[in-house]
Structures are given as structure tokens and as C-alpha cells.
Protein chains: 2
Amino acid sequence: MAGREFEFIHRHLGIFGAGSQVRLGVGDDGAVLALPPNSELVVSSDTIVEGTHFPKLTLPEYVATRAVGAAASDLAAMAADPLAMTLALTLPEPDELWLHSFSQGLGRCVQSLSLPLVGGDLTRGPLSVTVTVMGSVPTGCALQRAGAKPGDRLCVTHTLGDAAAGLALIMGELQGETEIPLEDEAFLEARFYQPTARLEWVPWLRQHAHSAIDISDGLLVDVAHMAEASGCACTIDSSALPLSPAVARLALESRLDYALAGGDDYELAVAVPSGVALPVGLIQVGEFHEGSGVQCDYSPTKIAGFDHFGT
Amino acid sequence: MAGREFEFIHRHLGIFGAGSQVRLGVGDDGAVLALPPNSELVVSSDTIVEGTHFPKLTLPEYVATRAVGAAASDLAAMAADPLAMTLALTLPEPDELWLHSFSQGLGRCVQSLSLPLVGGDLTRGPLSVTVTVMGSVPTGCALQRAGAKPGDRLCVTHTLGDAAAGLALIMGELQGETEIPLEDEAFLEARFYQPTARLEWVPWLRQHAHSAIDISDGLLVDVAHMAEASGCACTIDSSALPLSPAVARLALESRLDYALAGGDDYELAVAVPSGVALPVGLIQVGEFHEGSGVQCDYSPTKIAGFDHFGT
């Protein structure tokens with residue numbers, strides 16, 4: 001890492017590196033972290049690329065919140081407590097203003113997620129961000145996609161389809177929807193640009209859930225991963241899908257398309273054993289049973305789960 | 001991660017995920033790793049971008065070896081044992097042939113560095129690779145840039161300048177050098193495309209060294225980081241710089257320029273206390289003393305340390 005680059009990272013990103021488990025933060029060849037006793041490390045890397053995952057001219061602070069929120073969501077899905085993250089930022093050219101705005105969004109994520117930034121790499125190239133999140137779980141307690149059992153309820157942590165509707169709105173593709181209130185626009189766009197990693201569910205998940213996944217590619221696609229990994233089937237009830245007022249105001253077909261097949265919500269899908277009382281905030285949308293595959297009484301027509309290499 | 005992408009990663013990259021400390025590899029929301037008892041986690045992320053860090057049309061297997069070698073080198077510099085890595089690959093379009101060649105290089109790295117691949121993200125966009133390496137050190141034993149003391153010898157682990165000369169050769173910029181033997185070409189290019197992370201030095205470093213850094217931006221630049229972090233000065237003797245036969249055959253000025261200011265070697269610069277016998281393979285090139293800054297009896301003219309955002 002050369003002189004000027006080094007300065008950039010220190011000035012803009014180095015202030016976010018403090019944490020009780022950080023022994024050495026940004027500025028050396030590597031960071032040094034202490035894990036809690038009797039715990040295992042959970043790690044996941046996610047990249048977002050301009051033009052693929054977010055539109056050109058996205059506000060830099062939203063590039064940060066989108067990148068970190070999506071990555072941190074994987075920690076929640078594994079029932080891991082946040083430990084730290086590294087961030088590799090590729091920018092077309094050095095841009096103090098851009099970095100300033102980016103670091104505003106980053107700072108909010110570091111604070112709200114308790115996820116200190118302990119390593120950075122700043123390179124020149126087409127705009128992209130790779131975030132690697134690290135977390136810890138008590139040994140043997142990581143929640144996997146496998147583990148759902150027939151009889152388990154399929155639950156989600158919040159309303160679905162908001163982010164996909166937000167992206168459609170941003171891209172000018174909300175066709176047939178004539179009047180969308182300004183407050184709905186703001187809400188939907190925020191759900192796309194500022195996904196909330198559901199780390200508040202980690203203690204409950206660790207104690208009660210059989211399995212979890214974060215919904216990045218759409219409920220149907222991601223629950224299919226759970227069902228396959230768990231060796232069972234799942235039935236989803238479209239009338240049970242929790243919809244925000246903003247999505248509920250869309251046409252019937254659109255709203256179900258977004259809720260079932262829209263990606264980028266980063267809510268959790270959770271398999272909850274039948275004997276466990278559902279806590280407030282966890283919404284049942286289906287049930288696992290013997291067999292394979294995912295069934296639903298509605299088939300999305302307009303959008304498919306987000307597939308970067310899809311057609 | 002959607003269906004087809006998922007398949008790609010599994011088929012091409014998922015085979016590299018086994019390791020004694022890997023509890024859960026590629027294929028879930030995150031990987032789960034066990035650290036040895038009484039150890040700390042070391043982590044570092046590095047990105048390489050086509051056109052910035054490696055030329056267009058670089059063989060895919062070299063993209064892999066360059067990316068992983070450079071990242072793993074940070075573990076060596078911290079005196080950490082390799083644990084695992086994640087790899088975020090951004091490709092303009094799905095390309096089976098490209099991925100096959102890439103995975104050849106990746107597989108060699110996984111094997112030779114004992115660094116299982118436990119997480120992957122494959123996205124569509126301009127070609128770049130971000131590798132996050134994780135390692136472990138006994139608690140409190142991570143080697144830092146700070147720690148060199150007046151009287152320490154500055155040593156390096158191998159010949160210097162090879163990678164920079166190799167890159168110049170690849171770019172057709174080895175001007176004034178008329179006849180370069182074919183075997184030299186192959187050697188220099190390999191030093192650029194396939195950097196060797198000096199993990200074999202980790203046990204010795206942990207026992208004896210005061211400080212270390214990996215030479216990514218050129219000896220002068222990187223030793224300046226060490227000296228500054230350590231609060232002392234360093235004098236480098238240009239006549240002591242270890243040169244490969246291929247670099248030694250270049251013109252006098254070129255060879256010193258490459259050895260002092262050429263980046264991408266990923267050898268280690270190490271501060272060795274005066275009372276410690278130098279083992280075979282560690283070459284003294286200078287000495288730390290009271291003061292600040294780096295002095296050398298030769299000032300490079302042609303190339304500066306690699307600065308992604310430099311002019």
C-alpha cells in the first residue's frame with residue numbers, strides 16, 4: 001500500500017477501527033482480532049459492482065450502506081455476533097468528496113452494526129466494493145441452511161419485496177403504477193440502499209431456530225436453498241407474506257412478484273420448530289414438510305430472483 | 001447467491017475448501033473456522049484489478065496466483081499461520097474456459113500455501129479479484145511494522161526487483177536492454193505473475209524478528225513504513241541488495257532502480273536483532289539506527305514505488 005493511498009485510507013476509513021476485540025486495526029500488513037473463548041469464526045465476502053448491483057451515480061454513502069448491510073446480513077443468517085470487517089474499495093480515480101460521502105455511510109454501519117473496520121484496500125479501477133465480514137459463534141452453534149425439519153414453520157423477519165420495488169422505482173421500471181406517494185418512494189429506495197442486517201435476531205436464532213438464510217435473491221430462490229440443504233420441502237402461503245404499506249399499495253400481481261421473487265431485502269428466512277412460540281416480529285409465511293422443492297399458490301411472472309450471470 | 005452462480009462456484013472453487021480448521025466451507029451464508037487454542041486471528045484483504053495491477057489478457061491462472069500470492073504474503077509479514085481465504089471474483093461474463101484456467105492457478109495456491117478457500121462471491125463486472133486471507137498467531141505474537149530498534153539489521157528473504165523487471169518486460173518497457181535471454185524472461189515474468197508468500201519464514205520470524213513488512217510497493221517505500229512505525233531510521237546499502245542473475249544482467253541503473261523501487265516482489269523485509277545469527281537465506285541489506293527516514297547510497301530515477309493513485 002503506497003503513500004498517498006495509505007493516507008486516504010487512514011484519513012477516511014481508519015477512524016472506524018476501534019472495538020473491544022480489535023488488537024490491531026488498519027495500518028499494518030494485517031489486522032489482529034481476538035475471538036471470545038470457546039467460539040468459532042464465521043466469515044463471508046460480498047462484492048457489489050456499479051451497474052450490476054447498484055445504478056451508476058448512486059450516492060456514495062448508499063454504496064457503503066448497501067455493501068456493508070448485505071455482507072453483515074450473512075452474519076445474522078449464521079447466528080454470529082459481529083466481530084469486524086475489511087473493505088476493499090475500487091474507485092476510478094481518487095475523489096475526496098466521494099470518499100467523504102462514502103465514509104459517512106460507512107461510519108453509520110460501523111456504529112449501528114458494531115462492526116469495526118480493521119482492514120482496507122483502495123485500488124484504482126471500475127467502481128466496486130468487496131466487504132468481508134467476520135463474526136463469532138459459540139463452538140458448534142453456527143446456524144446453517146441445512147437443519148430445517150418437516151413440521152417447522154417458515155418465518156421471515158420483516159416485510160418482503162420492498163428493496164426490489166425500490167430498485168424498480170430507481171430504475172424507472174415501476175410500470176403501470178401511476179401514482180406512488182413521495183413517502184413510499186423514500187421508504188422503498190431506503191430499503192434498497194440501506195438494507196438492515198437483522199443482527200438483533202442472533203440471540204433468539206441461536207437458542208431456537210433450526211435453520212436460517214438471508215433473502216438476497218428472493219424468497220422462493222433462497223427458501224429453495226434451505227429446503228434442498230435440509231432435505232425437505234416447503235410450502236409458502238402467498239396470502240401470509242408481510243407487505244409494507246408501500247408495496248401493499250402496488251397492483252396485486254406486482255406486490256406478490258416483488259415479495260416472492262424480488263431480491264435484495266436481506267431479511268432472514270428462518271425454520272422455527274413447531275413447539276416454539278413465535279416471538280413478536282417473526283412472521284410465519286409457510287411450512288416445511290416431507291419431500292423436496294418449494295411450492296407456492298402464486299407463481300411470479302415479472303421478475304426472477306437476482307442472478308448476476310442469468311439471462 | 002443465485003442458482004447458476006452458485007453452481008459455478010461449487011464446481012470450480014468449492015473443491016478447494018477442505019482443511020483441518022474448516023468446520024463449514026463454501027455453500028452457506030458464511031464459512032465456519034476453528035482457531036487453534038490461545039491464538040488470535042490475523043486478517044488482510046487485497047484487490048487486484050485488470051489494467052491496474054495486471055495487464056489485460058493475462059492468463060487466468062496467473063490472475064489467481066498473483067491475487068492469492070500477494071494477499072497471503074501479508075500473513076507471512078505478520079508471522080501468522082495460514083487458516084483460510086475467501087475470494088471475490090468479478091468477471092465481465094460467465095466463461096467456463098476462463099474459470100477453468102483460473103481454478104488451476106487457484107488450486108496450486110490452495111495446496112502450496114495450505115490456505116483452503118472457504119468463501120466465494122462471483123459477480124458480473126470489470127475483471128477484478130479481492131482475496132481476504134485469514135491466519136492465526138499465538139496470542140500477542142503478531143509481528144508488526146513497529147518494533148524495529150536501532151542496531152537491528154534490515155534483511156530480506158530473496159532477490160529484489162525481479163517482479164518489477166518482469167512487469168516492465170511484459171509491458172514492453174525494458175528499454176535499452178537489447179538482448180534478454182529467454183530463460184531470464186520466463187523467470188522474471190514468473191516472479192511477477194506468481195509471487196511466493198514467504199510463509200516458510202513464519203516460525204523463525206515469530207521466534208527472532210522485531211518487525212516485518214512485505215515488499216509490495218518497493219523496498220524504499222516499505223522500509224520507510226517500518227522505520228516510521230518503529231520510530232527510527234534505516235540505512236540501506238545498495239551494494240548489498242540481492243539480485244537474481246536475470247536482474248544482474250540488466251544495466252547497472254536499471255537493476256538498482258528495480259531492486260530499490262520496484263514493487264510486487266512480495267519478499268519480506270525483516271528487522272533482526274543484533275544478537276541473533278542470520279540463518280541461511282536471510283540477506284542483510286541495511287541497518288536501523290536512531291533518527292528517522294530511510295537513507296540509501298543510490299537514488300532510483302526511473303520508477304517509483306507502485307502507487308495506485310499516483311501520477
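**The sheet and its surroundings**

A: This is a predicted model. An open sheet is built from 6 strands, in the order 5(A)-4(A)-6(A)-3(A)-2(B)-1(B), with mixed pairing.

Q: Which are the edge strands?

A: Strand 5 (117-124) of chain A and strand 1 (22-24) of chain B. Each pairs on one side only.

Q: By how many degrees are neighbouring strands turned against each other?

A: On average 20 degrees, direction ignored.

Q: And what packs on the sheet?

A: Helix 2 (residues 60-77) of chain A does. That helix touches strand 3, strand 4 and strand 6 of chain A. Its direction makes about 30 degrees with that of strand 6 of chain A.

Q: How many bridges hold strand 4 and strand 6 of chain A, and in which sense do they pair?

A: There are 9 bridges, and the sense is antiparallel. The strands cover residues 81-91 and residues 128-138 of chain A, respectively.

Q: Which residue is the bridge partner of A:P82?

A: A:G135, in strand 6 of chain A.

Q: Now the join between chains. How many bridges link strand 3 of chain A to strand 2 of chain B?

A: 3 bridges. Strand 3 (residues 39-49) of chain A and strand 2 (residues 31-33) of chain B run antiparallel. A:V42 has B:V32 as its bridge partner there.

Q: How many residues does each chain put into the contact?

A: Chain B gives 61 residues and chain A gives 59 residues. On the side of chain B that touches chain A, the largest share is 9 residues from strand 3 (residues 39-49) of chain B. By class, that side of chain B has 27 nonpolar, 20 polar and 14 charged residues.

Q: Why do you say the copies meet through the same surface?

A: Because 97% of the interface residues of chain B are also interface residues in chain A.

Q: Switching topic: at what angle do helix 4 and helix 5 of chain B cross?

A: Roughly 110 degrees, and their axes come within 7 Å. Helix 4 covers residues 162-170 and helix 5 covers residues 182-193 of chain B. The two helices of chain B are therefore roughly perpendicular to each other.

Q: Which residues meet there?

A: From helix 4 of chain B, they include B:L167, B:L169 and B:I170. From helix 5 of chain B, B:L188 and B:F192 are among them. The residues of this contact between helix 4 and helix 5 of chain B divide into 7 nonpolar, 1 polar and 4 charged.

Notes
Residues numbered from 1 in each chain as written. Chains lettered and ligands numbered in written order. Predicted model: local features only at pLDDT ≥ 70, side-chain atom pairs only at ≥ 80, totals over all residues. Contact = placed C-beta atoms within 7 Å. Helix = DSSP H or I, 4+ residues; strand = E, 2+ residues; numbered from the N terminus. Nonpolar A, V, L, I, M, F, W, Y, C, P; charged D, E, K, R; others polar. Pairing = 2+ DSSP bridges. Axes fitted to C-alpha atoms, helices over the stretch in contact; angles between N-to-C directions. Parallel < 35°, antiparallel > 145°, perpendicular 65-115°, else oblique.
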